[in-house]
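Please look through the sequence and the model below. The paragraphs that follow go from strand pairing to the nonpolar core and then to charged pairs.

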Amino acid sequence: MHGSRTATRTRRGLAAAVAAGVLLTALTTATSASASSASTPVGGSKVVCTSGKPGLAPALSQDIADALHDRKGSSALAIYDRQTRTRCEFKAGSHFDSASVVKVTVLGALLRQTQEAHRKLTPHEAKRATAMITKSDNAATSALWHQIGAGGIKHFLSLAGMRHTVPGAGKAWGLTQVTAGDQLKLMQLLTTDNAVLTAHSRGYALDLMQRVEADQRWGVPAGAPAAASVHVKNGWLPRDTGGWRVNSVGTFTCSGHDYGMAVLSTGNRTMDYGIDTVEGAARVVHRDLTH
């Protein structure tokens, strides 16, 4: 019986992974169809944008490049906007220490496990999940990370198509290696019908990200229109080498726009400097997409 159940779960997992892959491929294909592209160099790399809206790709690529020009340390960015079929990437495949942005992945893995077990979150799980996202509570995250296990985290990453994310070893969830590209895939997963997370699970995650405490609502929400619905999760981590890691991911809806953003940074001399880097890029993205 145990072997049969395992085989069934495996088949379901593979089916979900295929469905998710088809979905995300369709999103990418829809974005690139009949889209113009533009690129602007920044420090040996390029901001590359495509858009179905005339003039938007060159404007975004130039404005993002200007925002990141002369910033110390290293940064990466990925954005999408469904209405205008826009995507931008800057070093989107480079790895960064996750810090607390990995907590959205932990939540996704937890929700996927409960779906496969055909059950709801327990009150204890819900309390920990809420603290993990809205307060960035580390103890709650450690407990859920241990409960889900390395296998559960990797299972979710596989289903979500987050192939470049490497979970932190042992208890070191904050040292998970993430890319802006994979973080953007996660934002898309939370805002698109898919076979990995149900509408209920996605709504639960987005609700928590919308209720992040006020003093943690910096980062990619900077410059968002006042009427925008904002879902965000940030991460910040000082290390002995390489300075501060400051990351921010989020999704936004406003005036028909439905877009997401991931900005990662490392080598910042202070946390505030990293926040300024992230917010400088976010402001021009919000401005160009919604005005």
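**Strands, core and salt bridges**

Arg-287 is partly exposed, with 41% relative accessible area. This value, like the others here, comes from a predicted model. Arg-287 forms a salt bridge with Asp-63, and their closest N and O atoms are 2.9 Å apart.

The strands come next. Strand S1 (residues 36-42) pairs with strand S2 (residues 45-51) in the antiparallel sense, over seven bridges. The two form a hairpin with two residues between them, and Gly-43 in the turn has a positive phi of about 50°. Within this pairing, Ala-38 stands opposite Cys-49 of S2. S2 is also joined to strand S4 (residues 86-90) by three bridges, again antiparallel. There, Cys-49 has Cys-88 of S4 as its bridge partner.

Not counting residues up to four places away in sequence, Ile-64 touches Val-47, Leu-77, Cys-88, Val-284 and Val-285. Ile-64 is also one of the residues with the most contacts inside the largest nonpolar core, together with Leu-60 and Phe-156. That core has 79 residues. Helix H5 (residues 138-160) supplies the largest share of this core, nine residues.

Thr-114 is found in helix H3 (residues 102-116). Leaving aside neighbours within four places in sequence, Thr-114 is in contact with Arg-119, Leu-121 and Glu-125.

Back to the charged pairs. The structure holds 10 salt bridges. Which residues does Asp-97 meet in this way? One is Arg-239, with the closest N and O atoms 3.1 Å apart. Asp-97 lies in strand S5 (residues 96-97) and Arg-239 in the loop between strand S7 (229-238) and strand S8 (244-254), so this pair ties together parts 142 residues apart in sequence. Another is Arg-245, at 2.8 Å from N to O. Since Arg-245 lies in strand S8 and Asp-97 in strand S5, this pair ties together parts 148 residues apart in sequence. Asp-97 is buried, with a relative accessible area of 9%. Arg-245 counts as buried at 9% relative accessibility, whereas Arg-239 is partly exposed at 36%.

Technical notes:
Residues are numbered from 1 along each chain as its sequence is written. This is a predicted model: local features need pLDDT of at least 70, side-chain atom pairs count only at pLDDT 80 or more; totals for chains, interfaces and linings use all residues. Side-chain values use heavy atoms; hydrogens and water are left out. Two strands pair if DSSP finds at least two bridges between them. Helices (H or I, at least four residues) and strands (E, at least two) are DSSP runs, numbered from the N terminus. A nonpolar core is a set of buried Ala, Val, Leu, Ile, Met, Phe, Trp, Tyr and Cys residues joined through side-chain atoms within 4.5 Å. Buried means under 20% relative accessible area, exposed over 50%, partly exposed in between (1.4 Å probe, protein chains only). Contact means heavy atoms within 4.5 Å. A salt bridge is a side-chain nitrogen of Lys or Arg within 4 Å of a carboxyl oxygen of Asp or Glu.
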